[in-house]
Amino acid sequence: MSAETPRRIVLLRHAKADWSQESDHERPLAERGRKDAPVAGHWLAGAGITPDLTLCSTAARTRETWKLVVSELPQRPKTVYDERLYEASLGELIALLNETSDDVTDLMLVGHNPGMHALADALAGEAEGDLLARMNRSGFPTSAIAVLTFTGSWKTVEHGVGRLAAFWAPHA
């Protein structure tokens, strides 16, 4: 693939988690989260978004979210569970994107806030209509999805490189 290949980054914040006695890493989804996650998958399928590769945090709530989302997609993408997505900083998330093989056109990250919101905001050098304002007003709630596009190699991903093409949240 050339350096001018159009690419898509799909950021999905995990669905609503339960506040249980478990450690933060092992917190399961709440009932609302189990309802919202398939709706997010349905939105992705309806938008024609099926990533080539999904990188998912190892936290229980992200793994459970992804399982419910992917069940709504027409095909299951390759999935890698990466502990670096748990509590990742903006810099760490950009570094993960920079490691992605240029064979990947559409990449999804399933992670946590504040990282997912910070990454979407940092990469969005421009946006369709009022999407950026809507995303920032909403605070990137649970089950929210941001879709960004850019052209080039994953190694060139940096602040402002992308265009926010879509933003969706189940209750926003």
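Q: Where is the place of Pro114?

A: Keeping in mind that the model is predicted, Pro114 has its place in the loop between strand 4 and helix 4.

Q: And which peptide bond there is cis?

A: The cis peptide bond runs from Asn113 to Pro114, and its omega is near 10°. For background, most peptide bonds are trans.

Q: What about helix 4, is it enclosed or open, and why?

A: Helix 4, which covers residues 115-123, is largely enclosed by the rest of the structure, because seven of its nine residues are buried. The buried residues are Gly115, Met116, His117, Leu119, Ala120, Ala122 and Leu123.

Q: Switching to the sheet: how many strands form it, and in what order?

A: Seven strands make up an open sheet with mixed pairing, and their order is 3-2-4-1-6-7-5. From one strand to the next, the twist averages 25°.

Q: In which sense do strand 2 and strand 4 pair, parallel or antiparallel?

A: They pair in the parallel sense, with four bridges between strand 2 and strand 4, the latter being residues 106-111. Within this part of the sheet, Leu55 has Leu109 of strand 4 opposite it.

Q: Which helix packs on the sheet, touching strand 5?

A: That is helix 5, residues 131-138, which also touches strand 6 (145-151) and strand 7 (162-168), and whose direction makes about 55° with that of strand 7.

Q: Staying with strand 7, is Ala166 buried or exposed?

A: Ala166, which has its place in strand 7, is buried, with a relative accessible area of 17%. If neighbours within four places in sequence are left aside, Ala166 is in contact with Trp43, Leu131, Ile145, Ala146 and Val147. As for Ala144, it lies 22 residues from Ala166 in sequence, while the two are 11 Å apart in space, taken from C-alpha to C-alpha.

Q: Then Thr50, where is that found?

A: Thr50 is in the loop between helix 1 (31-46) and strand 2 (53-56). Thr50 has a relative accessible area of 17%, so it counts as buried, the cut-off being under 20%. Apart from neighbours within four places in sequence, the contacts of Thr50 are with Pro74, Gln75 and Asp106.

Q: Back to backbone angles: which residue has a positive phi of about 70°?

A: That is Ser143, which is not a glycine and has its place in the loop between helix 5 and strand 6. Ser143 is buried, with a relative accessible area of 1%. Glu87 also has a positive phi, near 60°, and is likewise a residue other than glycine. Glu87 is found in the loop between strand 3 and helix 3 (90-98), and this residue is exposed, with a relative accessible area of 62%. As a general rule, most residues other than glycine have a negative phi.

Q: Last topic, how much space lies in the largest pocket, and which residues line it?

A: The largest pocket holds about 150 Å³ of space. The residues lining the largest pocket are Arg13, His14, Lys16, Ala17, Trp19, Asp24, Arg27, Arg61, His112, Asn113 and Thr142. Sorted by class, the lining has five charged, four polar and two nonpolar residues. Asn113 in that list is the residue from which the cis peptide bond to Pro114 runs.

Definitions and conventions:
Residues are numbered from 1 along each chain as its sequence is written. This is a predicted model: local features need pLDDT of at least 70, side-chain atom pairs count only at pLDDT 80 or more; totals for chains, interfaces and linings use all residues. Side-chain values use heavy atoms; hydrogens and water are left out. Buried means under 20% relative accessible area, exposed over 50%, partly exposed in between (1.4 Å probe, protein chains only). Helices (H or I, at least four residues) and strands (E, at least two) are DSSP runs, numbered from the N terminus. Contact means heavy atoms within 4.5 Å. Two strands pair if DSSP finds at least two bridges between them. Axes are lines fitted to C-alpha atoms, for helices over the stretch in contact, and angles run from 0 to 180 degrees between N-to-C directions. On a 1 Å grid over the protein atoms alone, a cavity is a set of points where a 1.4 Å probe fits but cannot get out, and a pocket is an open set with protein on both sides within 12 Å along at least five of seven lines; lining residues have an atom within 4 Å of a point. Grid points are joined across faces, edges and corners, and a volume is the space filled by probe spheres set on the points. Ala, Val, Leu, Ile, Met, Phe, Trp, Tyr, Cys and Pro count as nonpolar, Asp, Glu, Lys and Arg as charged, and the others, Gly among them, as polar.
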